Amino acid sequence: MIQDNPTLIAAIRDRFAHVDSCPFQGERIFFENAGGALTLKKVAATSAFYAAIPDNPGRINPAGQGTQDVINTSRADLAVFMNATSGQFFAGESGTELLFRLIRTACVNAPKGAKVIGSSIEHPASRSAAQRWADIAGLDYVNVPHNDASGLVTAEDYAAAMTPDVAVATILHASPVTGMGMDVAAISKAIRAVAPDCLIIVDGIQHAAHGQLDLAAYDVDGYAISPYKVFSRHGYGIAWISDKLSALPHDMLIDAPATGWEFGTRDAGAFATVSDVVEYFDWLGGEVSEETDRRKRIEAAGRAIHAYETHLTNAMINGTGNLPGLRDMEHIRIIAGEDNPAREGLVSIVVDGKASPDVVEALNQQGIRTHTRKADHYSGNVLTPLGLEDCIRVSLCHYNTEGEVAKLLGALQDLA
């Protein structure tokens, strides 16, 4: 267990850039991981190296062939990391852009008069794309309401709204507002029980850094992540698509390979940093288990990360040392409940009598980085039904410490 091993926690933190200080602010605690996780030091070095390479991947010269090998290796690493036994991985502008492309292709190829189903808990990355392209393609959009109290949508919720004419479905793996993880495998099973040929596309952007990824278990057709939220860098997204989705008519160059989905020259450095991330999970799995198989080490890392982040969020909610937890602070309201087993490294709160931006600024002045979520086009689907104009999002990752949680609790207690 990570929490029982201070030496391992120190080794983890040593692998990340700016883990306890900001080049603009100085010393600070980073609880803004849902907005973009810390970057591995190795990723920064890899990015710098490949940024200086002038050759295009695939050209018939040593650099062109070498960078193409890097891309091929990265795709193989992704298959192990996400447990993909078929389909393909490709890069795009961002996770959001990739979700739009996947959902657009699924919708325009759906039978006329079919339906698209999604949930009100979804980030607008998938929800906006599904509603826009359902309208353009002449499809009915079916909304599955999420549970406001728990911040969740379940397989049973989807099943209640399913009909055999549903051709496209979208699922959010984890909410960046409530922090709750959805049971993708169970939701997918509920969808396919009624519409077995439905194209299912998952927004995995928030989930990817906080737990295991297992495409073989999900039985879906598309899954998108944003690597800057999984210890890499900004500027690109990664999508996996099934063989079925790969083969559908989609945007492509005339006479290009029928299953090709990428446009233009690939950034070998972006792919190389993905391999750095996978290598990190592999290393961590070896530290927390005796596994010798690479995939099993990655699975062990995912379990350890989830367990440790649960330990940290429990400390935040229930208290640590002599500090009361959020649940014992009368001026604090916890969104989606105090005891919610679906939580993934994130606690959103409201401070009575104080605007969330003011609380975020007060914490920032003490070197504690958090973030305001407003009831806007990003978060209004979650906050407005709760009667909230905004909230404070405290998002953790497994390089955070219980000592950092204690400093946050002390600062929040002083706001009473």
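Author: What follows looks at the packing of helices, and then at some single residues.

This is a predicted model, in which local features need pLDDT of at least 70 and side-chain atom pairs count only at pLDDT 80 or more, while totals for chains, interfaces and linings use all residues. Residues are numbered from 1 along each chain as its sequence is written, and side-chain values use heavy atoms, with hydrogens and water left out.

The labels come from DSSP runs, numbered from the N terminus, with helices (H or I) of at least four residues and strands (E) of at least two. Two packed helices are described by the angle between their axes and by the distance between those axes. Here an axis is a line fitted to C-alpha atoms, for helices over the stretch in contact, and the angle between N-to-C directions runs from 0 to 180 degrees.

Helix H11, residues 294-318, packs with helix H3, residues 62-82, at an angle of about 55°, and their axes are 8 Å apart. That angle makes H3 oblique to H11, given that angles under 35 degrees count as roughly parallel, over 145 as roughly antiparallel, 65 to 115 as roughly perpendicular, and the rest as oblique. The crossing of H3 with H11 is right-handed; the word applies if the near helix is turned clockwise from the far one by less than a right angle, and left-handed if anticlockwise. Where the two helices are in contact (heavy atoms within 4.5 Å), Asp77, Val80, Phe81 and Met82 of H3 meet Arg294, Arg295 and Ile298 of H11. Sorted by class, the contact of H3 with H11 has four nonpolar, no polar and three charged residues. For this sorting, Ala, Val, Leu, Ile, Met, Phe, Trp, Tyr, Cys and Pro count as nonpolar, Asp, Glu, Lys and Arg as charged, and the others, Gly among them, as polar.

H11 also packs with helix H14: the axes of H11 and H14 come within 9 Å and cross at roughly 25°. H11 and H14 are therefore roughly parallel to each other, and their crossing is right-handed. From H11, Tyr308, His311, Leu312, Ala315 and Met316 meet Glu402, Val405, Leu408 and Leu409 of H14. By class, this contact of H11 with H14 has seven nonpolar, one polar and one charged residues.

H14, residues 402-413, is also part of what covers the buried residues of helix H12, and that cover includes strands E14 (346-351), E15 (368-369), E16 (371-374) and E17 (390-395) as well. The buried residues of H12, which spans residues 356-365, are Ser356, Val359, Val360 and Leu363. Seen down the axis of H12, these buried residues fall within an arc of 100°, so they line one face of the helix; the arc is that of the directions from the helix axis to the C-beta atoms. On the other side of H12, Asp358 and Gln365 are exposed. An α-helix has 3.6 residues a turn, so residues three or four places apart point the same way. Just after H12, glycine 367 takes a positive phi of about 80°.

Serine 47, placed in H2 (residues 41-51), counts as buried at 15% relative accessibility. Leaving aside its neighbours within four places in sequence, serine 47 is in contact with Arg233 and Thr273.

Two loop residues complete the picture. Most residues other than glycine have a negative phi. Aspartate 255, in the loop between helix H9 (243-246) and H10, has a phi near 70°, a positive value in a residue other than glycine, and it is exposed, with a relative accessible area of 78%. Alanine 336, in the loop between strand E13 (332-334) and E14, has a positive phi near 70°, but alanine 336 is buried, with a relative accessible area of 7%.

Note on methods
Buried < 20%, exposed > 50% of the residue type's maximum accessible area, 1.4 Å probe, protein only.
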